[in-house]
Amino acid sequence: MASHSHIGKPLPMTDAPGKVTGLGKYADDLTVTGMLYGKILHSVHPHARIRAIDTSKAEALPGVKAVATGKDAPNPYGILPIGHDERVFALDKARYIGDNVAAVAATSAEIAEAALDLIDVDYEPLPAWFDPLESMQATSNWIHEQKPGNVEKEYHHEFGNPEQAFAESAFIREERYYAGEVTHAAMEPHSTLAIWEPDGRLTVHSSTQVPYYLHRTIAEVCEMPMSQIRIIKPLVGGGFGGKSEVIPLEVAAPVLAKKARRPVKITYTREEVFYAHRGRPITIADLKVGLTREGKINAVAARVVQDGGAYCGYGPVTVLYSGALLGALYDIPNVRYDGYRVLTNKPACGAMRGHGTVNVRFAFESTLDQLAHDAGMDPVEIRRRNLLKAPCITVNGLRVTSYGLPECIEKAAERSGWAEKKGKLPYGRGVGIACSHYVSGAANPIIRSNMPHTTVNIKVDRDAAVTLFTGASEIGQGSDTIQAQIVAEVLGVKMERIKLVAADTDLTPVDLGSYSSRVTFMAGNACLEAAKNIRAQVFAAVAKKSGCDPAVLEARDDFIFSTRDPGLRMNFDEAAVAAIDFHGALVATGTYAPPEEARGGKHKGAGVGPSPSYSYSAQVVELSVDTETGQVRVHRIVAAHDCGKALNPLTVEGQIEGSVYMGLGQALQEEMIWNEGRLMNPSLLEYRTPTTLETPEIESIIVESNDPEGPFGAKEAGEGSLAATIPAVANAIYDAVGVRINSLPITPEKILAALREKEKQRGGKVARSNGGRR
Amino acid sequence: MTMPACRVARPKTVEEAVRILADSGPEAMIIAGGTDVVPNLQMKLFTPRVLVDIKPIRALAGITMVAGGALRIGALNTLTEIVDSPLVQSNYPVLVSAVATIAGPLQRNMGTLGGNLCLETRCLWYNQSYFWRKALGGCLKKEGDVCHVAPGGARCWAVWSGDSAPALLTLDAEMEIAGPRGSRRLPLAKFYRNDGIYRVALGRDEMVTAVFLPARTVGRRGLYHKLRIRDSIDYPLAGVAVALEVDRNGVCREARVAVTAVNPAPLLVNEASEWLVGQKYSPELVERVAQAAIRTGKPLTTSASTPVYRRDMLRVFTRRALEEAWKNGRD
């Protein structure tokens with residue numbers, strides 16, 4: 001077969017021109033006639049009963065058109081069917097500083113802000129829970145009455161016989177790891193414009209990764225049929241999981257719009273983004289790993305406590321992912337997992353890039369490094385000895401169809417100069433390796449059903465434009481581009497011919513959303529199916545018109561031609577018209593649902609973790625440590641990622657680099673700092689994502705394992721690389737200066753303290769290094 | 001976050017600006033580059049009735065050599081202009097070293113020297129939104145009566161977080177200040193009051209118009225070290241500026257060391273010149289001065305990093321800055 005015309009090509013993203021010229025519209029760019037500005041009143045208490053709310057003074061302020069409280073929208077909601085514990089405005093209790101208590105819609109943002117100050121809330125403060133380990137011991141003042149002991153959910157899994165395996169292990173390490181709380185820090189703060197239409201319908205433009213779930217939730221909360229609600233996702237400036245469940249303003253704006261009978265826009269301040277949060281929880285992981293004398297990982301046992309904040313959100317899914325993917329990267333026959341999702345009086349955590357896998361991967365890969373040290377084995381070699389033999393089913397029931405990890409490890413080691421560097425660099429400079437993996441979409445939907453996870457429609461009209469109607473949500477990751485590439489490839493037409501209508505519930509069929517790295521795999525497969533159907537219809541018409549067998553036809557560069565008869569050649573415009581004449585219309589639908597075999601085991605919580613396919617990563621970090629200041633300078637990161645097949649190498653590299661960058665931020669400098677439930681750094685000045693100056697050269701290596709079920713062999717690329725970066729940094733610090741930091745972020749202060757501790761134990765001075773400071 | 005409602009006045013001359021300040025009293029506030037003022041306005045830390053935009057006053061910008069060989073830098077010169085100025089580069093390297101670390105390139109393009117010298121002091125408990133402070137119940141500096149950094153105390157410890165001031169202190173800089181009674185000169189060291197609330201010795205009806213760098217400090221070798229988490233954007237968590245004159249024999253003839261971001265004012269380390277002048281380099285001497293620096297700097301829990309670490313780094317950075325200035329600047 002001839003090479004691809006679009007697949008595997010580094011094509012620029014289709015939405016890039018709008019973004020770089022400013023012509024593209026994000027939610028906050030939208031204004032409509034009569035639009036009001038909404039502002040939300042947040043709780044000043046971490047935990048308080050709400051005795052009464054008096055909104056009369058706010059309502060009397062000129063320019064105020066509506067004030068809403070919990071009574072206006074009492075129906076509970078939540079992303080998980082088992083976790084409907086949120087209300088748009090607190091009904092009885094406020095559960096964190098920043099919780100949503102009321103909202104105002106007014107003719108200007110200034111008036112709306114002023115009106116917030118006029119709302120009198122009668123609070124009765126309650127004792128609050130901030131520390132997850134203390135909170136899970138609570139005997140009173142529970143955050144949710146229906147969750148005694150403040151434990152949202154706990155899971156206990158055992159596969160194989162871990163006890164016996166530990167007893168038979170030659171080397172065992174037991175360590176406690178701590179990961180501070182981090183947030184997505186997407187460039188675009190959340191924004192929602194809700195338009196109460198003259199005919200009584202509701203149109204909502206919102207910065208969301210999940211229009212479908214937003215659609216359902218607004219229907220529930222506003223007590224309207226879904227048919228009367230239209231959700232449109234405009235350009236979204238990054239999600240990373242922070243927009244993958246319904247965020248309070250997305251319901252507050254419709255509630256206000258319905259009450260005011262006017263359009264209402266709410267855009268969060270950056271501080272409010274931190275309160276809406278849904279980031280990666282504080283995680284305390286007690287990890288035990290056993291190794292045989294031959295360097296085989298015998299068993300892993302983990303007890304993981306996650307500080308989930310005040311609401312359920314994706315919590316149970318997060319804690320299940322931590323367990324499900326903990327043991328499935330390597331061939332580990334015995335696994336025990338005890339996971340606890342704990343409630344505290346802080347903003348709710350949720351899904352964040354690498355959902356659930358990141359903090360436990362830090363723990364595991366750090367421990368593996370120590371075990372390699374104990375066994376006198378090279379860290380690369382120990383990973384080689386523990387590879388899965390794909391295709392296979394892991395001990396916890398995950399089906400692995402393609403496995404590029406061996407190649408990732410070899411390439412990362414080779415390109416980083418591992419063999420020449422490991423243990424051989426001068427004191428103060430080191431290298432570290434770590435691996436990770438991630439799902440290509442969840443095999444089971446959030447709401448159990450047998451519906452397809454995604455559906456796309458293609459329509460070709462007499463203008464021969466190919467319009468793809470897709471519910472998939474472009475959030476900056478490139479989903480529009482990839483889908484267009486797939487359709488263009490199959491139909492053999494130029495990219496310019498593809499028009500994309502995406503994420504508009506009046507026009508596009510349901511897609512579950514942009515989360516768990518599912519879009520390329522799932523929407524991609526649906527596009528493939530729909531496009532093949534269109535192509536078959538076109539070929540049938542061309543064959544009929546020219547009297548040939550459709551099986552000899554091929555399409556490329558806007559032409560349909562015969563592989564047998566060089567004289568048979570028809571341009572796509574003509575062929576499309578022929579097909580419409582022949583069939584009456586040229587339309588097709590494609591769907592995707594994961595196969596039954598990919599949906600996992602039967603144990604409680606088995607639904608989370610299974611995926612039709614997994615991506616793999618291996619990374620080597622090289623860095624220097626200044627032993628007088630503890631400061632780390634990362635010089636280079638070599639990141640090899642198995643994405644099955646790079647449909648667009650440009651966007652794959654972008655995703656690898658972005659993941660590495662985010663991992664680096666969590667590894668070294670990002671942390672939400674709490675004081676009695678008060679977030680001390682709710683700004684991008686004090687919450688320090690890395691700048692370009694701390695970001696080293698990142699060498700992305702694409703590994704293609706050609707997944708048998710992925711579209712053109714493709715699988716996940718957007719999240720899997722992140723988790724490897726953090727332990728690779730920790731392991732490189734160990735290689736550089738011989739101290740192991742089990743707590744994230746690895747701040748200069750922690751390194752310095754560890755160095756001094758080591759110095760004290762040795763009873764002498766350790767060597768000094770300024771870390772290659774210029 | 002919205003801006004508070006206020007009138008913007010755009011005077012064309014210093015006299016006019018001073019008159020507006022005098023007429024409006026405490027309700028007026030000067031804005032130049034706006035990089036510090038605007039976020040603070042959005043957080044409702046300030047709610048002026050009149051915002052006096054001094055950018056139209058052309059006389060306030062210009063880097064010029066004046067009679068006697070001193071350098072005058074206008075209050076409105078941007079930080080980028082200072083870094084890029086050949087006059088500053090060749091004569092006062094410590095200033096370039098410090099100013100180049102301020103915030104990021106975008107802020108340096110907008111921010112002015114006058115603004116950087118009149119920065120609001122910073123504290124984690126103060127530089128927060130209106131909502132945040134309301135949830136807290138305020139602090140000693142604003143809307144409350146408790147200092148969350150040093151509870152029980154009556155003094156505000158909000159920290160001086162400018163980078164240019166310590167460098168200018170090592171150059172014996174003077175401020176030129178305009179007021180209703182004309183212009184006056186004030187040594188920079190006297191400009192700062194080491195009080196988190198009343199941070200500078202500037203009347204409500206006064207404004208900074210220029211900075212003078214004396215001829216006698218031309219050519220002092222020097223540099224600035226800044227503790228921060230990111231290599232851009234961040235305010236200093238601690239900073240040290242060093243300026244030395246060293247003769248052909250390696251003997252120190254003049255020395256200044258100033259620390260920033262560890263007190264409510266940028267401060268000279270007084271012992272430095274006394275101990276260093278007349279001496280040749282030795283590790284012990286430099287360590288002694290570094291110890292003096294951490295006696296001058298008294299960091300508290302006002303910022304992201306702990307006081308212990310910031311003190312520690314002040315010592316390391318002082319030692320390194322002295323070593324580098326002494327060794328690299330050899331004539």
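Start at Val487(A), which touches Ile458(A), Val466(A), Leu468(A), Ile498(A), Cys527(A) and Ala531(A), leaving aside residues up to four places away in sequence; touching, or contact, means that C-beta atoms placed from the backbone lie within 7 Å. This is a predicted model, where local features need pLDDT of at least 70, side-chain atom pairs count only at pLDDT 80 or more, and totals for chains, interfaces and linings use all residues. Residues are numbered from 1 along each chain as its sequence is written, with chains lettered from A and ligands numbered from 1 in the order in which they are written.

Now zoom out. Val487(A) sits in the largest nonpolar core, 250 residues, and along with Leu256(A), Val729(A) and Ile733(A) it touches the most other members. Such a core is a set of buried Ala, Val, Leu, Ile, Met, Phe, Trp, Tyr and Cys residues joined through C-beta atoms within 7 Å, and buried means 20 or more other C-beta atoms within 10 Å of a residue's own, again placed from the backbone. The largest share of this core, 15 residues, comes from α15(A). Helices here are DSSP runs (H or I, at least four residues), numbered from the N terminus.

So what about that helix? With 20 of its 28 residues buried, α15(A) is largely enclosed by the rest of the structure. Just after α15(A), Gly547(A) takes a positive phi of about 65°.

Over to the other chain: a second, separate core of 110 residues includes Tyr126(B), Cys156(B), Leu171(B) and Leu314(B). Where the chains meet, the contact takes 22 residues from chain A and 21 from chain B. On the chain B side, α8(B) gives the largest share, five residues.

Key. Two residues are in contact if their C-beta atoms, placed from the backbone, lie within 7 Å. Helices (H or I, at least four residues) and strands (E, at least two) are DSSP runs, numbered from the N terminus. A residue is buried if 20 or more other C-beta atoms lie within 10 Å of its own, exposed if 12 or fewer, and partly exposed in between; C-beta atoms are placed from the backbone.
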